[in-house]
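Hi,

Here is the structure I promised to pass on. Have a look at it first, and my notes come after.

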Amino acid sequence: MKLDPRRKNSRWYFGGLAATGSAAVMHPLDLIKVHLQTQKSGKLRILPSMVHICKTQGFFALYRGLTASIFRQMSYSTARFAVYEALKAELSKTNRTSLEWKVASAAISGFSGGFIGTPGDVVNVRMQNDTKLPKDQRRGYTNVFNGIWRIINEEGISKLFSGASAASCRAMVLTIGQLASYDHIKEILLHHGFNDTANTHVLTSIMAGVIAVTITQPIDVIKTRLMFNKGEYSGLFDTIYKTGLEGPAAFYKVHN
């Protein structure tokens with residue numbers, strides 16, 4: 001299927017809308033991922049965990065934290081797509097289209113988006129993991145706005161940015177893996193005889209997605225543990241150290 005050249009003009013907010021829709025559909029798997037990343041024993045598995053949650057808490061428990069996940073994507077993904085497209089447009093005016101410029105643009109946009117999206121990410125992680133806590137320690141956020149309001153009032157506004165360093169670094173690496181690699185891989189494929197069709201775009205997306213997941217997974221584990229932290233970790237490097245004590249596999253417990 002050949003793409004209509006008149007329809008190739010993308011908009012930065014398309015990426016944000018697509019990411020938001022994806023978050024809504026994939027939320028149950030994201031919830032299980034967070035549970036796996038914060039476990040210490042390493043005994044949880046994806047399908048048994050989903051079945052257990054449905055049996056003990058009901059089907060809709062798989063969508064706990066959905067409002068926070070959507071809020072996060074609307075802020076985080078929309079921001080990084082907007083910054084990346086703006087930087088790419090400016091650089092293309094001076095023919096700075098090499099891989100290193102793509103990587104630099106993706107790093108800046110990813111870091112910015114990661115920081116902006118941290119409050120939603122913090123509430124999302126806490127809501128998803130709430131039932132793992134003893135009843136007297138559960139936070140009981142009803143939605144993302146309730147969570148943000150309570151964090152500000154009960155813990156201070158700085159707690160909304162718990163794990164912001166890890167979240168920003170993860171977003172930076174993820175955006176390099178997603179956007180910079182996507183643009184570069186597509187150029188390579190087109191240069192080697194591929195046509196600019198939907199099939200080529202799908203293939204490029206799959207390859208970029210594999211790269212992005214592989215390089216960001218260790219940072220994602222650290223980010224999740226920092227955001228859910230109830231005193232186990234004193235900071236970024238302490239989290240990395242203690243996770244490392246569990247063995248190298250602890251950084252790759254589950255893929256997003």
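Some housekeeping: residues are numbered from 1 along each chain as its sequence is written. This is a predicted model, so local features need pLDDT of at least 70, side-chain atom pairs count only at pLDDT 80 or more, and totals for chains, interfaces and linings use all residues, while side-chain values use heavy atoms, with hydrogens and water left out.

First, the patch. V25, M26, L29, I46 and L47 make a nonpolar surface patch of about 470 Å² (patch residues have over 30% relative accessible area and no salt bridge, and nonpolar side chains are joined within 5 Å; a salt bridge is a Lys or Arg side-chain nitrogen within 4 Å of an Asp or Glu carboxyl oxygen; areas are Shrake-Rupley with a 1.4 Å probe). Helix 1 (12–38) and helix 2 (46–57) each give two or more residues to it (helices are DSSP runs of H or I, at least four residues). The largest share, three residues, is from helix 1. L29 sits in helix 1 and, at 41% relative accessibility, counts as partly exposed (buried is under 20%, exposed over 50%, partly exposed in between).

Now helix 9 (residues 236–245): D238, T239 and T243 are buried there. They lie on the same side of helix 9 because they cover an arc of only 130 degrees around the axis (taken from the directions from the axis to the C-beta atoms). The face turned away from that buried side carries the exposed residues F237, Y241 and L245. Just after helix 9, G247 takes a positive phi of about 110 degrees.

Cheers

Notes. Patches are made of residues with over 30% relative accessible area and no salt bridge: like charges are joined within 9 Å, nonpolar side chains (Val, Leu, Ile, Met, Phe, Trp, Tyr) within 5 Å. Buried means under 20% relative accessible area, exposed over 50%, partly exposed in between (1.4 Å probe, protein chains only).
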